Amino acid sequence: MNPPAEFDAAMRLALAEAVRAGERGEVPVGAVVLGPGGDVLAAAGNDREAAGDPTAHAEVLALRAAARATGEWRLTGCTLVVTLEPCTMCAGAAVLSRVRRVVYGAADEKAGAAGSLWDVIRDRRLNHRPEVVMGVLADECAAVLRDFFGDRRG
């Protein structure tokens, strides 16, 4: 089953953030937060190396920026779009921020927490469970990561 094309444009924005992060030497992951009406509230790429911050994942940075933009930590009705399946930290941040939906491109079989290795986002024990849409522009998202690591591993 193919993911809905309605998120392609937002994923392309996230991909642009990922590419910029990769150009800075960061693992190329990008994220965008869409408001309830589909407007872009925030966008970010990974920034762990430059910031010296283990929590500076694209998703966390985009969620923080969206909260600043709205003046509210509850991002009710918002959509988090990310090029790589969120890790446990980012999945937890998505749940705690109360986003309506998490959309991701490439699956992360080693650390994914939205259905691959774990499914933190849809864990029935939690009080909020965002909808998950997976596989949006998955091949393009995976290619950015594959190229980045291929260049480094020689």
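This is a predicted model: local features need pLDDT of at least 70, side-chain atom pairs count only at pLDDT 80 or more; totals for chains, interfaces and linings use all residues.
Phe 148 is buried, at a relative accessible area of 8%, whereas Phe 149 is partly exposed, at 28%.

Phe 148 also takes part in the contact between helices α1 and α5. The axes of α1 (residues 8-23) and α5 (residues 138-153) come within 10 Å and cross at roughly 10°. Because angles under 35 degrees count as roughly parallel, the two helices α1 and α5 are assigned to that class. On the α1 side the contact is made by Met 11, Arg 12, Leu 15, Ala 18, Val 19 and Gly 22, and on the α5 side by Glu 140, Cys 141, Val 144, Phe 148 and Arg 152. By class, seven nonpolar, one polar and three charged residues form the contact of α1 with α5.

Glu 26 is located in the loop between α1 and β1 (30-34). With a relative accessibility of 1%, Glu 26 counts as buried. Beyond its neighbours within four places in sequence, Glu 26 is in contact with Ala 21, Asn 46, Asp 47, Arg 48, Glu 49, Ala 50 and Phe 148. A polar atom of the Glu 26 side chain lies 2.9 Å from the backbone nitrogen of Glu 49. The C-alpha atoms of Glu 26 and Gly 45 are 8.3 Å apart in space, with a separation of 19 residues in sequence.

Key. Residues are numbered from 1 along each chain as its sequence is written. Side-chain values use heavy atoms; hydrogens and water are left out. Axes are lines fitted to C-alpha atoms, for helices over the stretch in contact, and angles run from 0 to 180 degrees between N-to-C directions. Helices (H or I, at least four residues) and strands (E, at least two) are DSSP runs, numbered from the N terminus. Angles under 35 degrees count as roughly parallel, over 145 as roughly antiparallel, 65 to 115 as roughly perpendicular and the rest as oblique. Contact means heavy atoms within 4.5 Å. Ala, Val, Leu, Ile, Met, Phe, Trp, Tyr, Cys and Pro count as nonpolar, Asp, Glu, Lys and Arg as charged, and the others, Gly among them, as polar. Buried means under 20% relative accessible area, exposed over 50%, partly exposed in between (1.4 Å probe, protein chains only). A polar contact is a pair of N or O atoms within 3.5 Å; within protein, one must be able to donate a hydrogen and the other to accept it, and residues adjacent in sequence count only if both atoms are side-chain atoms.
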